[in-house]
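Colleague: I am new to this one. Could you take me through its salt bridges?

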Amino acid sequence: MTIAAQSPGEPTASFASRVQGTLMGGALGDAFGYLVEFDSLAEITARYGPSGLVDLSQAQMPVHFSDDTQMTLYTLDGLLDVLEWANNGVGADINACQWLAYLRWFKTQGVPGAEHAPEQAPRWIDAQSVLHHQRHPGSACLSGLATGEMGTAFRPVNLDSKGCGTVMRSAPYGLLPNVEAETVYKMSSDAASLTHGHPSARQSSGAFSWLIHELVVGGLPLRAAAESARDRAAAEPSPDAELLARLAAALTLSTHDGEPLNGDSLTAALGLGWVAEEALAVALYAVLSTAATSSSPVEHFLAAQRLAVNHSGDSDSTGSIAGNILGALYGEAALPPSWLTLCEAPALIRRLGADFIKLTTGE
């Protein structure tokens, strides 16, 4: 499957390349932002200079991805479970498989859970030791899974939680081919309810997966895909006002001439990214505002990442989401070669991506 070029100057990318680009781009952005996740902008510039963090090679330690990539890969594995059942002629409850996948991730984090929680037989991913490290997992993700109860939109856990732990893990839903965008949106928002009960968390997750789907499967140009995601969020029976406001601001501000917003001016306009709608808006703005001035996919990736992580907020999540978007847009052509040499566990990420491609396309 090949998606047509989106505009002059943008390369044609195959479906397989976009899948791998989405996954690896998210992991690279996550690792880049994880270097400064809990630092203020003043601390970032004091350590790395007035331009802040500009390249992954500035890491003074081995590069690691965070819980964002761990949970994204477990999201993907939950979908692989469903696809494996389907290929054997058996229908599976998608959200139940996803819950079981997240419970398996939860078990790797060394946090006590409910005794009555169901257990699934171990899968290949569970034996990968790199996914067992505690990389500052989100409190709502942990507490929502610790209940042993399967949260739903109608029976939510963490009723008031709208942390970005839903958005940062939800790109894989958007990669599903031969599935309507509306189905992707529902799957993603339903899965968000497993850990977060606030409407903004669910709707932000759904809008993000919709955006990825419109890029990878729909073949829309970047801004058209972003506007489509905004329109879908607005079509909710009770749309979340904060999400709509943040998406509108990201779309509007990214059309302004001159230097893009950055650092504290960026987070003052769109938020620090600790909650779902803010993380999505910051990442989306970073990608949109750097598109016109970038001469190649790699240059666009680097410029967007520098905006996405150099601030006082949740830098790894905003970097991860931006990386997902750029990988979905360009495929693997967006990935900086020098960063790939530093990436943690690239074979693991590519193996899961290849499994997904084979199960969805037969290739």
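The questions and answers below concern salt bridges in this predicted model.

Colleague: How many salt bridges does a search of the whole structure find?

Modeller: Side chains of opposite charge can pair when their charged atoms come close. A search of the whole structure for such salt bridges gives a total of 17.

Colleague: How many residues apart in sequence are the parts that Glu-84 and Arg-123 tie together?

Modeller: The side chains of Glu-84 and Arg-123 form a salt bridge, at 2.9 Å from N to O. Glu-84 belongs to helix 3 (residues 67–87), while Arg-123 sits in the loop between helix 4 (94–108) and helix 5 (139–146), so the parts they tie together are apart in sequence by 39 residues.

Colleague: Is Arg-123 buried or exposed?

Modeller: The cut-off for buried is under 20% relative accessible area. Arg-123 has a relative accessible area of 18%, so this residue counts as buried.

Colleague: Which residue meets Asp-126 in a salt bridge?

Modeller: Asp-126 lies in the loop between helix 4 and helix 5, and its partner is in helix 4, so the pair ties together parts 22 residues apart in sequence. Both partners are buried. The N to O distance is 2.9 Å, and the residue that Asp-126 meets is Arg-104.

Colleague: In which helix do Glu-242 and Arg-246 both lie?

Modeller: Glu-242 and Arg-246 form a salt bridge, with their closest N and O atoms 3.7 Å apart. Glu-242 is partly exposed at 35% relative accessibility, whereas Arg-246 is buried at 16%. The two are four residues apart, about one turn of the helix, and both lie in helix 10.

How values were computed
Residues are numbered from 1 along each chain as its sequence is written. This is a predicted model: local features need pLDDT of at least 70, side-chain atom pairs count only at pLDDT 80 or more; totals for chains, interfaces and linings use all residues. Side-chain values use heavy atoms; hydrogens and water are left out. A salt bridge is a side-chain nitrogen of Lys or Arg within 4 Å of a carboxyl oxygen of Asp or Glu. Buried means under 20% relative accessible area, exposed over 50%, partly exposed in between (1.4 Å probe, protein chains only).
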